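This briefing describes a single structure, grouped by topic. Please read it alongside the sequence and the coordinates.

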Amino acid sequence: MADEKWECPCGYVYDPEEGDPENGVEPGTPWEKVPGTWVCPLCGAEKEYFEKV
């Protein structure tokens with residue numbers, strides 16, 4: 001689902017509606033389409049450490 005949010009252990013929440021445009025992820029990008037090379041903009045954790053919230 002495109003509206004699922006994912007949380008990093010540091011507390012940052014990836015919201016697909018907002019994306020992360022400063023780091024190359026356009027608004028509206030679902031979690032599954034976020035590049036595997038993307039990392040948390042706050043702490044640098046990799047995608048594998050995020051959990052669905």
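**Overview**

Gly-19 counts as buried, because its relative accessibility is 10%; buried means under 20% relative accessible area, exposed over 50%, and partly exposed in between (1.4 Å probe, protein chains only). The model is predicted, so local features need pLDDT of at least 70 and side-chain atom pairs count only at pLDDT 80 or more, while totals for chains, interfaces and linings use all residues. Residues are numbered from 1 along each chain as its sequence is written, and side-chain values use heavy atoms, with hydrogens and water left out.

**Strands and sheet**

- Three strands form an open sheet in the order β2-β1-β3, with antiparallel pairing; helices (H or I, at least four residues) and strands (E, at least two) are DSSP runs, numbered from the N terminus.
- The edges of this sheet are β2 and β3, each of which pairs on one side only; two strands pair if DSSP finds at least two bridges between them.
- Strands β1 and β2 run antiparallel and are joined by two bridges.
- Opposite Trp-6 stands Tyr-14 in β2.

**Aromatic pairs**

- Eight aromatic pairs are present in the structure; rings of Phe, Tyr and Trp (its six-membered ring) pair if their centres lie within 6.5 Å, and planes under 30 degrees apart count as stacked, over 60 as edge-to-face and the rest as tilted.
- One of these pairs is Trp-6 with Trp-31, which is stacked at 5.0 Å centre to centre with 10 degrees between the planes.
- This pair links distant parts of the chain, 25 residues apart: Trp-6 belongs to strand β1 (residues 6-7), and Trp-31 to the loop between β2 (13-14) and β3 (51-52).
- Trp-6 and Trp-31 are both buried.
- Tyr-12 and Phe-50 form an edge-to-face pair, because their ring centres are 6.5 Å apart and their planes lie at 85 degrees.
- Since Tyr-12 lies in the loop between β1 and β2 and Phe-50 in the loop between β2 and β3, the pair ties together parts that are 38 residues apart in sequence.
- Tyr-12 counts as buried at 15% relative accessibility, and Phe-50 is buried with a relative accessible area of 5%.
- One aromatic cluster is formed by Trp-6, Tyr-12, Tyr-14, Trp-31, Trp-38 and Phe-50.
- Over the face of Trp-31 lies Lys-47, at 4.8 Å from the ring centre; a charge sits over a ring if NZ of Lys or CZ of Arg is within 6 Å of the ring centre and within 35 degrees of the ring normal.

**Nonpolar core**

- The largest nonpolar core has 11 residues, among them Trp-6, Cys-8, Val-25, Val-34, Cys-40 and Ala-45; such a core is a set of buried Ala, Val, Leu, Ile, Met, Phe, Trp, Tyr and Cys residues joined through side-chain atoms within 4.5 Å.
- Apart from neighbours within four places in sequence, Ala-45 is in contact with Cys-8, Val-39, Cys-40 and Phe-50; contact means heavy atoms within 4.5 Å.

**Annotated cysteines**

- An unreviewed UniProt entry lists Cys-8, Cys-10, Cys-40 and Cys-43 under "binding site"; UniProt positions are given in the numbering used here, feature names are shortened, and annotations may be inferred rather than shown by experiment.
- These positions are spread over 36 residues of sequence but cluster in space, with a largest C-alpha distance of 8.8 Å.
- Cys-8 is placed in the loop between β1 and β2 and counts as buried at 2% relative accessibility.
- Not counting residues up to four places away in sequence, Cys-8 touches Cys-40, Cys-43, Ala-45 and Phe-50.
- Cys-43 lies in the loop between β2 and β3 and counts as partly exposed at 44% relative accessibility.
- Leaving aside neighbours within four places in sequence, Cys-43 contacts Cys-8 and Cys-10.

- The loop between β2 and β3 holds Glu-17, which counts as exposed at 63% relative accessibility.
- Glu-17 touches Pro-27 and Gly-28, residues up to four places away in sequence not being counted.
- Gly-19 is also found in the loop between β2 and β3.
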